[in-house]
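Me: I am new to this structure. Please show me how to read it, one feature at a time.

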Amino acid sequence: LSFAIVMERASSLVQLECTVRPLQMSQKTRPCRAYHDVEFAGSTQVRWIKFRNSYCYSVTIKTKIYQPGSDEPMWITAVRDLRLMADPHSEADAEKWHFVDMQRQFDSRISLDRVRILRFYVVQPSPNWRSFCLQNIACYGPARPTATPSYFSSSSSSTTTTAVAGGSSVRKVPPVTGTDMIRIADSRDRLRSLLELRKQYDDCATFFRETQEHCD
């Protein structure tokens, strides 16, 4: 895929503004309930969630909804017992990044179109790890609708070629998934960080070289 096409499609997904609270524990000693709250400024639609695990075995994500005729919200499970580690006693995959497609994972009876808060209950049954939590939690939702060129709206999941007048052809590209979009954004940010580190390295190298020449 060309970079221009990928970035055009990625623009349909934006990172949502939210406040991620530190891990809360129901008591000082384990086992106990442990959770992160993610709060949004207003009602918003959550489509994808990204986070980096730090030794959590599994996570359950809940949200608040209002029942008809009730003024008090109630907690409803949107994603139940999502496994983050193959073995709670092994650190092999304890710090992996995870991408959660909420439309595939959540209970279809629950609407995530007007979310104000998400609660991430994390579980770690193994005594091997002193602490555990989720890091770098980010939520993504659809951007405001904009006019989309027809050649971006192909619903085909595979690349096809369509013949047109004059014997030439137009190549339709496959759609980019939400995971692709998030990975593109992450890769862009990492590239910027690497370029900044390279600049700092070059500045340091120049300083030491000039210092050495002065001493000589």
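Reply: Start with burial. Buried means under 20% relative accessible area, exposed means over 50%, and partly exposed lies in between (1.4 Å probe, protein chains only). The model is predicted: local features need pLDDT of at least 70, side-chain atom pairs count only at pLDDT 80 or more, and totals for chains, interfaces and linings use all residues. Residues are numbered from 1 along each chain as its sequence is written, and side-chain values use heavy atoms, with hydrogens and water left out.

Me: Are Arg-119 and Asp-37 buried or exposed?

Reply: Both Arg-119 and Asp-37 are buried. They also form a salt bridge, with the closest N and O atoms 2.7 Å apart. A salt bridge is a side-chain nitrogen of Lys or Arg within 4 Å of a carboxyl oxygen of Asp or Glu. Arg-119 sits in strand β9 and Asp-37 in strand β4, 82 residues apart. Strands (E, at least two residues) and helices (H or I, at least four) are DSSP runs, numbered from the N terminus.

Me: How many salt bridges are there by this rule?

Reply: The count is three. One of them joins Arg-47 and Asp-101, with the closest N and O atoms 2.3 Å apart. Arg-47 is in the loop between β4 and β5, and Asp-101 is in strand β8, so the pair ties together parts 54 residues apart in sequence. Asp-101 counts as buried, at 9% relative accessibility. Arg-47 is partly exposed, at 21%. Glu-39 and Arg-21 also meet in a salt bridge, at 2.9 Å from N to O.

Me: How do β4 and β9 run, and how many bridges join them?

Reply: Two strands pair if DSSP finds at least two bridges between them. β4 and β9 run antiparallel, joined by six bridges. Val-38 stands opposite Leu-118 in β9. Of the nine residues in β9, seven are buried.

Me: What is a nonpolar core?

Reply: A nonpolar core is a set of buried Ala, Val, Leu, Ile, Met, Phe, Trp, Tyr and Cys residues joined through side-chain atoms within 4.5 Å. In soluble globular proteins, nonpolar side chains tend to be buried together. Here the largest core has 30 residues; Val-46, Ile-49, Val-59, Leu-118, Phe-120 and Leu-134 touch the most other members. β9 gives the largest share, four residues.

Me: Which residues does Val-46 touch, not counting those up to four places away in sequence?

Reply: Contact means heavy atoms within 4.5 Å. Val-46 touches residues including Leu-16, Phe-40, Met-102 and Leu-118.
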